[in-house]
Amino acid sequence: MRNPVDHLMERWARDMARRVSRRRFLGGLGALLFGAATVPLLPVARGETPRPAAGGAADPGDPQTCGYWRHCAIDGFLCSCCGGSVQSCPPGTEASAVTWVGTCHNPGDGHDYIVSYNDCCGKTECGRCLCNRNEDDKPLYMPFKSNDYNWCVGSKVGIAYHCSTARIVGVAK
Amino acid sequence: MKRALAGALLALGLARAALAQLPLEPGGVAQLPAQPGVHWVWVNDFSFFALPDGKAFLVDGDSGRMLGLLSTGYSFDALVVPHSGGVIYSPETYFSRGTRGTRTDVVTIYDTVHLAPLGEVKIPPKRASIMAMMAGQVLTDDERFLLIYNYTPAQSVTVVDTRARKFVGEIDTAGCALVYPTGPRSFFSLCGDGSLLVVTLNDQGRAASRTRTKELFDGLRDPLTEKGVRAGDTWLFASFEGTMHPLKITRGGGIEAQATWPLFSAPELAQHWRTGGLQHLALHAATGRLYAIVHRGGAETHKDPGADVWVWDLASHRKVQQISARNKVASIQVTQDARPLLFGCSFESNRLDVYDVASGHYLRSVEGLGITPGLLVTP
Amino acid sequence: MSARAPGAAAALLAAAATCVAAPPALTPKPQADYMLNCQGCHLPDGTGAAGKVPSLRTSLAPLLQSEAGRRYLVQVPGAAQSALSDAELAQVLNWMVRTLSARPPPQFREFTPQEVMRYRATPLVAVRAARVRLLGTAP
């Protein structure tokens, strides 16, 4: 039996390495966000202005960063950086009702939460805090598990995609 | 003194005028030759930071020169360039107020010499808005019908008759996504249960038959990416975990799954080598070589770009070459001539890199190609 | 931070966190399965999207009136191709009928895993046509 702490650290290290490579997507912001990626481990990342966590110890991390636990399968611009929040759309956009739903593990309380990735629609791209993580993402032929669709397809205002939210809708385990 | 200086300057000016060699210029608009160059490539920019502004850059891989551009609307995937030449088809979406108002979807037909619209076919405003995929829009093998994947979220395929330049109709593909041509009157779509929907068309472009194959892969355990390439009568799909799945087109237009083969050895898999990217496979048909973007990342890195391109011989399934990319790439394409070039680009930058396939050497980069260049299409 | 964190690691973290906070209430299994496999398109209350996604509130009861309708509910790709086992899918269908249907049928015969398995074995190809045949209308 392996030491569970070693196992956990190894897993974190692996996740971190993966996230760092994804950060390159963000170009010049990479270095700054690399610091932010350590948020799940430390209350305040080194070299960054402290921001309030979403919900204290039970909801650790910064919703304006890609590494925030609820973003485990998000693909797009984070609404928290665009005038909205992790659960609400920025002013003047429409929340697409139709979306896809997945689970993310909350390191704050050890539970797996059911997360609904509703897109906000009707304006051009927010263009801030681009984030692509693909935990349990599946190809386009499994639409209900794919983050490669523009989920503004279900909005009344049209398919113009602005940003993505990650709302808790249930607790899986 | 002053007069002398003025005189000298005047003399100099007259001498300059007399020496002027450049002709007066009438202005005009450039044209392209009727035949595309063998080393040309269309760099399709889905423009993820400005989705209404899709575009496609035509680049000459030998000189690194940009030759022209097409402006292609909202949530652009890629141009469809028929081998028969003369025209280019582009499925496009527009809103009457840019990002709002009435949505109109069209297939714009451009001529290849002037890169100007020749006409358009209005289609139902349903074309899927997705991460750019080659299988979002394809031609049947005889290039008569253009097939476009729709998602509303109901799934269907729009059929356009390219000869009559008319919308023919829509084929229900519920449960199945994207379009992979298998002949002059047939295609398949990939289904969520690991089966394929095989569709045959009649000469009017209407569905003549629709059948589901048995389950050919396990979409939950080890899904195939949608980014397959076609080698003659065989479609090749890589799974997330690095297994190649050849799907052979049978004579009746059916599909037969052939023996799968591993892209990676057990030690390579243990070192987390996987394929990844947006257009992560390419093929050189004459030599039967398969090119794949690879990286070390392990599970769930199926969209990550890679800094290496590995090459397999399709007959022996042996890895025969490794090309180290100068920059990470998410999309690759190979020209089909005898001295092929390998093109690579990434949505993380707006640069196209060009490599010589035979030597694996980096040749040049072409900078400034839009915002998030995605799919590479060779004319 | 995937859903498939090792049990030991999850337990360790849970132990650290639950010293201060009460554990959140788990979503009942059939509802959680509905959320993860159906809710994205059909919405939390089953209303769907007019012209795009069928309403479960109004279409479940009429479909349950015939064997062909019951078969359709299992064979429709969203159900048949979900990641759910036959037993889980039967439970979700039963939960949907009881919870989302605007007028639950008075004598509802529950779906069994065996019935789901039987219908699920044959994929439905002409989905839209089948729906029009059974309900007289597209979504």
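# Strands in chain B, helices in chain C

In chain B, 4 strands line up as an open sheet in the order β25-β26-β27-β28, with antiparallel pairing. This is a predicted model: local features need pLDDT of at least 70, side-chain atom pairs count only at pLDDT 80 or more, and totals for chains, interfaces and linings use all residues. Residues are numbered from 1 along each chain as its sequence is written, while chains are lettered from A and ligands numbered from 1 in the order in which they are written.

Two terms come first. Helices (H or I, at least four residues) and strands (E, at least two) are DSSP runs, numbered from the N terminus. Two strands pair if DSSP finds at least two bridges between them.

Axes here are lines fitted to C-alpha atoms, for helices over the stretch in contact, and angles run from 0 to 180 degrees between N-to-C directions.

Strand β13 (residues 196–201) of chain B pairs with β12(B) and with β14 (residues 207–212) of chain B. Both pairings are antiparallel.

| Hairpin | Bridges | Residues between | Glycine in the turn | Positive phi |
|---|---|---|---|---|
| β12(B) and β13(B) | 5 bridges | 4 residues | B:Gly194 | about 85° |
| β13(B) and β14(B) | 5 bridges | 5 residues | B:Gly205 | about 90° |

B:Phe188 stands opposite B:Val198 in β13(B). On the other pairing, B:Val199 has B:Arg210 in β14(B) as its bridge partner.

Is β13(B) mostly covered or mostly open? It is mostly covered, with 5 of its 6 residues buried. A residue is buried if 20 or more other C-beta atoms lie within 10 Å of its own, exposed if 12 or fewer, and partly exposed in between, with C-beta atoms placed from the backbone.

## Where chain B touches chain A

The contact takes 34 residues from chain B and 31 residues from chain A. Residues are in contact if their C-beta atoms, placed from the backbone, lie within 7 Å. On the chain B side, β11 (176–183) and β12 (186–191) each give two or more residues. The largest share, 3 residues, comes from β11(B). By class, the chain B side has 17 nonpolar, 10 polar and 7 charged residues. Ala, Val, Leu, Ile, Met, Phe, Trp, Tyr, Cys and Pro count as nonpolar, Asp, Glu, Lys and Arg as charged, and the others, Gly among them, as polar.

Chain B has 2 helices and 29 strands. Its C-alpha trace spans about 100 × 50 × 40 Å along its principal axes. Of its 379 residues, 49% count as buried. Chain C has 9 helices and 0 strands. Buried residues make up 41% of its 139 residues.

Now take contacts between residues at least 6 apart in sequence. In chain B, 43% of these join residues at least 24 apart. In chain C, the share is 65%.

## Helix packing in chain C

Helix α7 (residues 86–99) of chain C has 14 residues and reaches 20 Å from its first C-alpha to its last. That is close to the 20 Å expected at 1.5 Å a residue. The expected span is 1.5 Å times one less than the number of residues. Several residues of α7(C) are buried, including C:Leu93, C:Met96 and C:Val97. What covers the buried residues includes α2 (29–37), α4 (56–63), α5, α6 (77–80) and α8 of chain C.

How do α7(C) and α8(C) cross? Their axes come within 8 Å and cross at roughly 105°. That makes α7(C) roughly perpendicular to α8(C). Angles under 35 degrees count as roughly parallel, over 145 as roughly antiparallel, 65 to 115 as roughly perpendicular and the rest as oblique. The contact has 6 nonpolar, no polar and 2 charged residues.

Helix α5 (residues 67–75) of chain C also meets α8 (residues 113–120) of chain C: their axes come within 9 Å and cross at roughly 80°. These two helices are therefore roughly perpendicular to each other. C:Arg71, C:Val74 and C:Gln75 of α5(C) make the contact with C:Val116, C:Tyr119 and C:Arg120 of α8(C).

Definitions and conventions: Two residues are in contact if their C-beta atoms, placed from the backbone, lie within 7 Å.
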